[in-house]
Amino acid sequence: MAVSTSITPFLTAAGRPVSTPLRDVRAISRQMVGHFIENVVPCGTLPGEALDGDVTTVTRVCLELTRSMLDGRDQPGRMERIQAAAADWAREGIPIDTIHNAVHEGFKLGFDLVLTNVAGHDQDMIIKVARRLTEVQSMITSAVSAAYVRELRSVVSEHHTAVHTLTSALLGGQSTSTMARECGIEIADRYHVIALALPAHPDEFDPDLDGNVVARRKLRRVQAELANQCVGKVLSLLSVEGGTLLLPVAEFDEPALDALIAGLSGAARVPVRAVVMSAAPAEIPRAAEQVHELVEIVHRLGGPSKVYRPHELAFEYQLTRQGPAREHLSSVVDALEAHPELLQTLEVYMATNLQRSRTARELFVHTNTVDYRLKRISQLTGFDLNSVTGICHLRAALLIRSHRGGGTADVLRLERQAGSRAG
């Protein structure tokens with residue numbers, strides 16, 4: 001970005017340019033850099049070559065630009081050099097607040113030097129000098145900010161592409177050693193392979209809103225929370241419906257995973273469900289296939305928002321496998337197909353963890369109505385909902401039905417309502 005510098009009248013005091021104290025720019029720039037090291041705390045942690053090189057050079061350029069502006073002269077190319085340095089610092093990861101603090105401290109020192117040359121003169125001259133210096137500081141700060149942010153966006157885009165490419169390679173079972181080295185990302189010995197299910201936010205169903213926009217905003221909130229909690233240690237492929245995370249096992253223990261999913265649920269404002277298992281890099285493709293199969297089961301059942309481990313879902317997983325037991329159980333609730341209100345009641349009753357009063361509230365009916373319907377369900381299916389055996393069989397039948405793609409509308413409706421209350 002080219003920044004034009006306005007040429008303004010020459011400022012003098014007692015016949016001398018007010019910029020005279022800034023004449024020895026090399027000596028003053030070295031003095032300023034020493035001041036930065038002592039007073040701008042982050043500057044003290046910068047590499048010596050950065051201080052001796054770019055920082056000193058740019059400080060000298062800023063002084064030259066300031067002196068020329070006080071003298072009413074233009075200095076072609078000075079602002080471009082400042083912008084180039086700011087871009088380099090962004091790529092090197094030097095915090096922008098460090099840069100702005102240094103600029104601010106430099107102008108304080110420069111202002112003090114210039115004031116010694118105009119201290120005995122009228123207030124009007126001091127005001128003119130202050131305004132001119134403020135104008136120069138504003139120009140430099142704006143130029144630094146614009147160049148830094150532009151370069152930072154480029155760096156973030158490059159990193160995002162690298163992460164996406166590397167994650168896809170790991171999930172695809174491809175060789176990643178060369179790719180990881182080129183991306184600057186270290187491959188861990190083992191990963192938590194996590195499948196995420198992101199339910200739709202209630203606003204995605206609002207006819208007055210653009211559902212796609214709402215979904216993308218949900219995803220951006222999740223990505224921001226993920227970046228905040230994982231601090232560059234996560235490999236991810238996400239969409240508005242969910243996706244895959246790869247987290248180094250050595251960096252994240254079990255409580256950390258639980259806290260992460262809780263944080264993602266809060267950010268998404270919907271109940272996020274996850275299934276995790278650990279795997280070496282070569283085992284990731286198979287592990288990812290398994291956790292995604294399991295998270296689909298959990299999502300269809302409308303289970304609580306949490307991190308699930310495979311052993312917790314052994315029963316549900318086995319019921320979805322082909323076999324005579326599945327075929328028998330799948331027919332258990334067929335008798336309810338002709339009675340949608342009964343099937344709906346059973347689904348909600350199971351989704352609310354057998355809570356009659358909550359089932360009644362969700363269905364907007366009296367608890368007596370729920371009791372009557374549960375009795376009818378027992379009569380039609382032959383399984384008593386007052387017994388553990390009956391509950392287990394009917395729950396299994398609903399699970400198999402949901403796996404086949406059969407009616408989970410009420411479970412999904414409960415999710416939307418829960419998400420609405422959480423949001």
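Predicted model: local features only at pLDDT ≥ 70, side-chain atom pairs only at ≥ 80, totals over all residues.
Colleague: How many salt bridges does the structure hold?

Modeller: A salt bridge is a side-chain nitrogen of Lys or Arg within 4 Å of a carboxyl oxygen of Asp or Glu. The structure holds nine. One of them joins Arg358 and Glu362, with the closest N and O atoms 3.6 Å apart.

Colleague: Where do Arg358 and Glu362 lie?

Modeller: Helices are DSSP runs (H or I, at least four residues), as are strands (E, at least two), numbered from the N terminus. Both residues lie in helix H13 (residues 356-363), four residues apart, about one turn of the helix.

Colleague: Is Glu362 buried or exposed?

Modeller: Buried means under 20% relative accessible area, exposed over 50%, partly exposed in between (1.4 Å probe, protein chains only). Glu362 is buried at 8%, whereas Arg358 is partly exposed at 25%.

Colleague: How many disulfides does a search of the whole structure find?

Modeller: A disulfide is a covalent bond between the sulfur atoms of two cysteines. The criterion is a pair of cysteine sulfur atoms within 2.5 Å, and the search finds zero. Cys62 is buried at 14% relative accessible area; Cys392 is partly exposed at 40%.

Terms used. Residues numbered from 1 in each chain as written. Heavy atoms only, no water.
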